[in-house]
Amino acid sequence: MNHDELNHWSKRAADWARDYHASLRDQPVRPNLGPGEFRARIEGPAPEHPEPIDRIFKDFTRLVPDAMTHWQHPRFFAYFPANAAPVSMLAEQLANAMAAQAMLWQTAPAANEMEALTIDWLRDALGLPGDLTGTIHDSATTATLSAVLTMREQALGHDGLTRGLAGGPVLRLYASAQTHSSVDKAVRLAGIGQDNLVKVPGLEGHETFSMDPEALDSLIEQDKLAGVKPAGVVLCTGGTSIGACDLIGACIDVAHAHGLPVHVDAAWAGSAMICPEFRLLWAGIEKADSVVFNPHKWLGAQFDCAVQFLRDPRPQIATLGLRPHYLETQGADEVVNYNEWTVPLGRRFRALKIWFLIRAEGLSGLRSRIRNHVSWAQEACDAIAALPGFRITTDPILSLFTFRFHDDARTAALLERVNNDGRIYLTQTTHEGSFVIRVQVGQFDCTREDVMMIPTVLKDLSGDL
Ligand SMILES: Cc1ncc(COP(=O)(O)O)c(C=O)c1O
């Protein structure tokens, strides 16, 4: 394919995209298909000779969309959203066309300086202190891994990077059981070890399921007495399972009193903090050393896009940064080279979609969407609570709540029916030992009618269970 053909087929792709999005409401959210079925449809050896693009394109339209779960479907209420506002898709097309490597300032000056600007925009939009800086990663998992590696190196006096971990002290990290598995992954990959991730018990009866700050304090104290080395604390605002929010200020005070850095995972809920009324959920956040949130979840910046704010970037740069001669920018040692803040060297131009998104929707437009989602989630929750046999198991935290239908077996059977039906898509979690169904409202294009389809579908499908 040459660039003229690219131009032609890009227009065809844009037409296809418009029709695809326009038809989503009439499609099942999740395809009705078993493992291996799709591959069987495309099986065959890699072609030795070029094939015409129109044949490939036709095969795509014929085979692929029907075998996809539609994340941009307005009735996608599963997991968390991966919102792609149309304008961020446009920005991605432009970034794709330039296909630049934004690893150093000089390899992509506009990408580099737009990253700094959009980090400032988002920091201010979320009400964070003006002296925080930050960077853009692919995912929250990578941002949390970066923070945990930094905690490890701060605890080891930046010795682990050169000496390795053998013979060093046993390190400990603290998080609640509500934190995402990316924290478990980070301690494993950082060589700290799963057994050294201490899951701090919850605060009895706390309405957003915070860890108990006093328990955190005594666990750190006990570890110090036992001769192991506490390295840091990871807190959550909006945990994946039920939206748990730790008491950020109180937990940070405990951590800081022990000289420990704190990373806050607000991958999903961080977007809601553009609305000042929700900021109580992370009161005290201004004291955090590191905070991650994913504009690619609720805000609308197409996947992938995870922003990490840092109080002081130097410990992370000292952990992740390497500057061999071939990566120096001659005559400009002082420029920010974001690859030194993140794990991979190569970096996509992710700031462009944030820049387009915020300019095209305006912060006020993004705020109204989030406010609508939160209020429609409450409305759907009230309607479900009124259905016979249904019980709300956790009240909405922002736009996430869970419910149950009689017992485990009937709740699981109902979930399967709902997802085979296809009008809406929901997923499950475990709460206090029971199987419960999660509902999160946050898809960029969903309307109140889409959300109120949840109680309608549940009523339709639960009658004879
Ligand atoms: C609270 C939380 N943290 C971290 C993650 C991991 O996000 P990512 O896919 O960006 O690594 C998720 C994913 O849903 C999440 O819900």
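**Four-stranded sheet**

I began with the open sheet of four strands, which runs in the order β8-β9-β11-β10 with antiparallel pairing. I noted the edges: β8 (390-397) and β10 (427-431) each have a single partner strand, so one side of each is left without a neighbour in the sheet. I then took the twist, which averages 35° from one strand to the next. The model I am reading is a predicted one.

Next I followed one pair. β10 and strand β11 (residues 434-440) are joined in the antiparallel sense over five bridges. I looked up Gln428 and found its bridge partner in β11 to be Ile437. I also checked what covers this sheet. Helix α13 (residues 351-385) packs on it and touches β8, β9 (400-405) and β11. The direction of α13 makes about 165° with that of β8.

**α13 and α5**

I stayed with α13 and looked at its meeting with helix α5 (residues 109-125). Their axes come within 8 Å and cross at roughly 45°. I recorded the crossing of α5 past α13 as left-handed.

I listed the residues that make the contact. From α5 they are Ala111, Met114, Glu115, Thr118, Trp121, Leu122 and Ala125. From α13 they are Ala351, Leu352, Ile354, Trp355, Ile358 and Leu363. I sorted the contact of α5 with α13 by class and got eleven nonpolar, one polar and one charged residues.

**Seven-stranded sheet**

I turned to the other sheet. This open sheet has seven strands in the order β1-β7-β6-β5-β4-β2-β3, and its pairing is mixed. I marked β1 (133-137) and β3 (197-200) as the edge strands, each pairing on one side only. The twist here averages 20° from one strand to the next.

I picked out one pair in detail. Strand β5 (residues 262-265) and strand β6 (residues 290-293) run parallel and are joined by three bridges. In this pair I found His263 opposite Ser290 of β6.

**α6 and α8**

I then compared helix α6 (residues 140-155) with helix α8 (residues 181-189). They pack at an angle of about 45°, with axes 9 Å apart. α6 and α8 are therefore oblique to each other. Their crossing is right-handed.

I noted who meets whom. α6 brings Ala140, Thr141, Thr144, Leu145 and Val148. α8 brings Ser182, Val183, Lys185, Ala186, Val187 and Leu189. By class, the contact of α6 with α8 has seven nonpolar, three polar and one charged residues.

**Ligand shell**

I looked at what surrounds the ligand. There are 14 residues around it, and Ser139, Ala140, Thr141, His180 and Ala267 come nearest. Ala140 and Thr141 were already in my notes, from the contact of α6 with α8. I classed the shell as five nonpolar, eight polar and one charged residues.

Most residues other than glycine have a negative phi, and most peptide bonds are trans. I found a cis peptide bond joining Phe303 and Asp304, with omega about 10°. Asp304 lies in the loop between α11 (295-299) and β7 (306-310). I also found Ala99 with a positive phi of about 45°, although it is not a glycine. Ala99 sits in the loop between α4 (86-98) and α5.

Note on methods. Residues are numbered from 1 along each chain as its sequence is written. This is a predicted model: local features need pLDDT of at least 70, side-chain atom pairs count only at pLDDT 80 or more; totals for chains, interfaces and linings use all residues. A residue is near a molecule or strand if its C-beta atom, placed from the backbone, lies within 6 Å of it. Ala, Val, Leu, Ile, Met, Phe, Trp, Tyr, Cys and Pro count as nonpolar, Asp, Glu, Lys and Arg as charged, and the others, Gly among them, as polar. Axes are lines fitted to C-alpha atoms, for helices over the stretch in contact, and angles run from 0 to 180 degrees between N-to-C directions. Helices (H or I, at least four residues) and strands (E, at least two) are DSSP runs, numbered from the N terminus. Angles under 35 degrees count as roughly parallel, over 145 as roughly antiparallel, 65 to 115 as roughly perpendicular and the rest as oblique. A crossing is left-handed if the near helix is turned anticlockwise from the far one by less than a right angle, and right-handed if clockwise. Two residues are in contact if their C-beta atoms, placed from the backbone, lie within 7 Å. Two strands pair if DSSP finds at least two bridges between them.
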